[in-house]
Amino acid sequence: MTMNRLALYLGSLALAVCAAMSATAETTTAVESPHELRIGFADAFISSATMRSAVRSYYSFGSGDLPYIDGLPVAEADKYLRETRHYQYRDWYSTGHFFLGYQYRLTALVSLGVDVDMVKMGAKSKAYNGYGTQVETLSNHLYIWSVLPTVRLTYFERPHVRLYSSAGIGYSCYTGEWNNTRVLQHGAGLNVTLLGIQAGGKHVFGAVGLGAYNAWYVSREGVDWLPFSRILNASVGCRF
């Protein structure tokens, strides 16, 4: 999804929310069981693969030290080669996204709430000095958290089935340890469900959704982008 299409989708969703709230301003009908809690799981395949590729290219292993030691005195070159570190990664993993969501149904069409999301990613790495000698083995991990205020539109409803779309934007951060360094980065997260389906009874239901989650983090090197996870999500929930 390009940024233009995403902006168009969010704009359309905002207009629909405004229209719905305007239409119900004069006449408000109480919604039965307006509170909703969900707990669910979603994929992280694309974001995990993107992160793996970016880290491997950043921590390259090879002859990159040669330009730095060319022309240096032997003692300085030896010191540099002993202290520098290159990393090779293996055993990559991602837990996928675990999320908890709450929605309050204002009208038959519009609900407002919040999603709390967590995904853990990590890998083991072997550290080598400039001579190619392994000096240590490291265990790396990152926890990615997001808190996203969310608006949802339920545009089709029958006794046991509901169709909806939603969008949430808010705070995101990642924290953990990478190559013996503690990391903490702050940023923003965006989650869009293009099509969601709820099926079940009056109070208990299951749901699946198709959409995308993106996050951006500001660092010294610029802006890091965690792209396109939560393509497919599944959850169970209750209304009360």
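Visitor: Where does serine 33 lie?

Guide: Serine 33 sits in the loop that runs between helix 1 (3–23) and strand 1 (35–42). The model is a predicted one, and in it serine 33 has a positive phi of about 50° although it is not a glycine.

Visitor: What about arginine 230, what is its phi?

Guide: Arginine 230 also is not a glycine, and its phi is positive, at about 55°. This arginine lies in the loop between strand 8 and strand 9, and with 2% relative accessibility it counts as buried. Its side chain lies over the face of phenylalanine 99, at 4.1 Å from the ring centre.

Visitor: Which other arginine lies over the face of a ring?

Guide: Arginine 152 lies over the face of tyrosine 164, and there the distance from the ring centre is 5.2 Å.

Visitor: Let me step back a bit: how many helices and strands does the protein come to?

Guide: The secondary structure comes to four helices and nine strands. Of the 240 residues, 39% count as buried, and the accessible surface is about 13,200 Å², with 64% of that belonging to carbon and sulfur atoms.

Visitor: What share of the contacts is between residues 24 or more positions apart?

Guide: Among contacts with a separation of 6 or more, residues 24 or more positions apart account for 67%.

Visitor: On to the core, then. How many residues are in the largest nonpolar one?

Guide: The largest nonpolar core has 18 residues, and those with the most contacts inside it are Tyr89, Met121, Ile144, Tyr213, Tyr217 and Leu226. The elements giving two or more residues to this core are strand 2, strand 3 (110–128), strand 4 (134–158), strand 5 and strand 7.

Visitor: What does isoleucine 144 touch?

Guide: Not counting residues up to four places away in sequence, isoleucine 144 touches Asp117, Met118, Val119, Met121, Ser172, Cys173, Tyr174, Tyr213, Tyr217 and Leu226. Of these, cysteine 173 is buried, with a relative accessible area of 10%.

Visitor: Speaking of cysteines, how many disulfides are there?

Guide: A search of the whole structure finds zero disulfides. Cysteine 238, for its part, is partly exposed, with a relative accessible area of 30%.

Visitor: And how many aromatic pairs?

Guide: The count comes to three aromatic pairs. One of them is formed by tryptophan 92 and tryptophan 178, a tilted pair with 6.2 Å from centre to centre and 45° between the planes. Tryptophan 92 lies in strand 2 (residues 86–105) and tryptophan 178 in strand 5 (residues 161–178), so this pair ties together parts that are 86 residues apart in sequence. Both tryptophan 92 and tryptophan 178 are buried.

Another is edge-to-face: tyrosine 174 and tyrosine 217, at 4.8 Å centre to centre and with 80° between the planes.

Visitor: Why does that tyrosine pair tie together parts that are apart in sequence?

Guide: Tyrosine 174 lies in strand 5 whereas tyrosine 217 lies in strand 7 (residues 204–219), so the parts that the pair ties together are 43 residues apart in sequence. Tyrosine 174 is buried, with a relative accessible area of 14%, and tyrosine 217, at 3% relative accessibility, counts as buried too.

Visitor: Back to tyrosine 213: how far in space is asparagine 191 from it?

Guide: Asparagine 191 and tyrosine 213 are 4.3 Å apart, C-alpha to C-alpha, although 22 residues separate them in sequence. Asparagine 191 lies in strand 6 (residues 181–200) and is buried, with a relative accessible area of 7%. Leaving aside neighbours within four places in sequence, its contacts include Leu148, Ser166, Tyr213 and Arg230. For proline 227, in strand 8 (residues 222–229), the C-alpha atom is separated by 6.9 Å from that of tyrosine 213, which is 14 residues apart from it along the chain.

Visitor: Last one: what is asparagine 233 in contact with?

Guide: Leaving aside neighbours within four places in sequence, asparagine 233 is in contact with residues including Arg38, Phe41, Phe99, Thr193 and Leu210. Asparagine 233 lies in strand 9 (residues 232–239), and at 4% relative accessibility it counts as buried.

Definitions and conventions:
Residues numbered from 1 in each chain as written. Predicted model: local features only at pLDDT ≥ 70, side-chain atom pairs only at ≥ 80, totals over all residues. Heavy atoms only, no water. Phe/Tyr/Trp six-rings, centres within 6.5 Å; stacked < 30°, edge-to-face > 60°. Buried < 20%, exposed > 50% of the residue type's maximum accessible area, 1.4 Å probe, protein only. Lys NZ or Arg CZ within 6 Å of the ring centre and 35° of its normal. Disulfide = S-S within 2.5 Å. Core = buried A, V, L, I, M, F, W, Y, C linked by side-chain atoms within 4.5 Å. Contact = heavy atoms within 4.5 Å. Areas by Shrake-Rupley, 256 points an atom, 1.4 Å probe, with all protein chains shown as cover.
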